[in-house]
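Subject: Structure handover: charged residues

Hello,

Here is the structure we talked about. My notes on its charged side chains follow below.

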Amino acid sequence: MAEIGEGPGTVPEHERILQEIQSTDTACVGPTLRSVYDDQPNAHKKFMEKLDACIRNHDKEIEKMCNFHHQGFVDAITELLKVRTDAEKLKVQVTDTNRRFQDAGKEVIVQTEDIIRCRIQQRNITTVVEKLQLCLPVLEMYSKLKEQMSTKRYYSALKTMEQLENVYFPRVSQYRFCQLMIENLPKLREDIKEISMSDLKDFLESIRKHSDKIGETAMKQAQQQKIFTVTLQKQNNVKFGKTMYINDRIPEERNEIVLKHAFEEEDENEEEGDEETFENYYRKQRKKQARLVLQPQSNMGYGFPVNRLFDLLFEIRDQYNETLLKKWAGVFRDIFEEDNYSPIPIVSEEEYKAIISKFPFQDPDLEKQPFPKKLPMSQSVPHIYIQVKEFIYASLKFSESLHRSSTEIDDMLRKSTNLLLTRTLSSCLLNLIKKPHIGLTELVQIIINTTHLEQACKYLEDFITNITNISQETVHTTRLYGLSTFKDARHAAEGEIYTKLNQKIDEFVQLADYDWTMSEPDGRASGYLMDLINFLRSIFQVFTHLPGKVAQTACMSACQHLSTSLMQMLLDSELKQISMGAVQQFNLDVIQCELFASSEPVPGFQGDTLQLAFIDLRQLLDLFMVWDWSTYLADYGQPASKYLRVNPNTALTLLEKMKDTSKKNNIFAQFRKNDRDKQKLIETVVKQLKSLVNGMSQHT
């Protein structure tokens, strides 16, 4: 029954206020409490009674909670007291262990510091070795230059200077010894110029001094030709030719080379000036000597026929050309040895103009590219082109004094150049391709180089035309057929690429280490195969510079060779047992091969052409993975057979290896029905395959 003065809604209102006090933030309690005093009379007293009742209820709940958890609390305190002793022991052990770790770590820290110092020393040593390896070729070339100067091989010295300036000095230009060498080269050139001029004067004097002896020797040998037999006449001709060559031609050629090559400097105007100075002096003195020599005495006119002398000169010319071919064979070998077989880097417009001024190269797309950029050929290409022109000059020097027409001289030059290209250069290229240190990257660069050399042949024909003033449209003009040289070299390089690529694949395959008795596969492809695929991807990136057909053939050849190698690995006679787990692992590797083939490592293949290289392996593995022998035996020989590429002999060989493994691994197979059934199935399939193979052999 409600108390007097208590309104009907007072108690619910007090409960609401208590709920707000318990649930709301303390900052909002003020307005709630104020409502207690603003309400009906005696509301404050009623609220306090309600509050006391609420407090008593909470106290009872707290007491119940404490009573419920008291025993657990007591048990926890008891356990804690028991653990305290162990905790103290653990603390002592942890402290002791930490101390021992600290003591042991001191030695590790000392050794680590020693290792750091050693690593720093190793890095410094490596840096020093790299710098020394960079400087040693420069010092060796400079030492070679000094040796050539001391042995009076001035032409070789000038070539060495050119290599130092263009190739070696730019690599080490930051070092002081290099600057000293650079400053010393102009003085060495001037010394060579003075020595060459002195030798030229001495040579001209010796010609006049010994001209009577040369003439006497010539007259004696002409008299002997009338007496000796035809064989002895030929021998005397050769001897006479050699005598003339030794007494006159060699010094003359040596000085002409000095005239032509003594002062090849970077400044073309100065180079032409030095050459012109020597040539003018030489021609002037030779004309004077010629007039003195050819002027007969007053009591003598000559009147002897000289046709046989010209025949002899033609024979000497042939021998001279052979000598030139041998000399240029050495020049070509040196060029190939010094080449780095990398595209020529160009960093400025001046370098680009310097190269195209020596070698006819045109590529509008490359010209638009900003510097730095690279020419597709390597350094040997412009050097070979320059040396072919030098050979033409050397051949012309002898021919122009034979009093032949321009047409005959043009024909001689073209024939000599053809011999240089088809015999000498071709031999050097083929020998280079077969060298062991020439790898796949170098072979690719050689193919690119021969392409550019082949394109440059037409400029060599123009070069000969400009020298002889004989048009190429003339009926009897010999064409340069040296193009076959570069085609043959490319074919040889392509064949070598296929061979070396297959050899590299064999090296990777030899690293295979399968566990042929494994029960379960690893779940991922073998490491050796992934390394092989990564290698093939990288090498086929290099092949993008090759003609498309070559790259495609190389890729197809590599995939076919890899497929054959994997098949031979399965069918190896030394492999006696193969488990199903090993077959599954092998299948993972073949899947990676197929993924590689489908990724189009070389563009241009149509459809799944490249994947067909692994079709024999795929059908064989599918047959064993699915164990679909009924389909295979039923459809064998049918054009639409699912396993058309699986040979019964191959399947039988592999199945017998798996049968042996099944017997070995299932010693207690006779006690398990599934194993007995599988063993019977294998034996049944083996018998059917043997019957099929025997039927095929009898039919054959």
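Is E337 buried, partly exposed or exposed? E337 has a relative accessible area of 48%, so this residue is partly exposed (buried is under 20%, exposed over 50%, partly exposed in between; 1.4 Å probe, protein chains only).

Please note that this is a predicted model, in which local features need pLDDT of at least 70, side-chain atom pairs count only at pLDDT 80 or more, and totals for chains, interfaces and linings use all residues. Residues are numbered from 1 along each chain as its sequence is written, and side-chain values use heavy atoms, with hydrogens and water left out.

Salt bridges

The structure holds 20 salt bridges (a side-chain nitrogen of Lys or Arg within 4 Å of a carboxyl oxygen of Asp or Glu). One of them joins K435 to E337, with the closest N and O atoms 2.5 Å apart. K435 sits in the loop between α12 (406–434) and α13 (440–468) and E337 in helix α8 (residues 307–338), so the pair ties together parts 98 residues apart in sequence. Helices here are DSSP runs (H or I, at least four residues), numbered from the N terminus.

K415 pairs with D411 at 3.1 Å between the closest N and O atoms. Both lie in helix α12, four residues apart, so about one helical turn separates them.

In the bridge between D318 and R317, the closest N and O atoms are 3.0 Å apart. R317 is buried because its relative accessible area is 15%, whereas D318, at 39%, counts as partly exposed.

D96, R99, R100 and D103 are linked in a network of salt bridges.

Regards

Definitions and conventions. Helix = DSSP H or I, 4+ residues; strand = E, 2+ residues; numbered from the N terminus.
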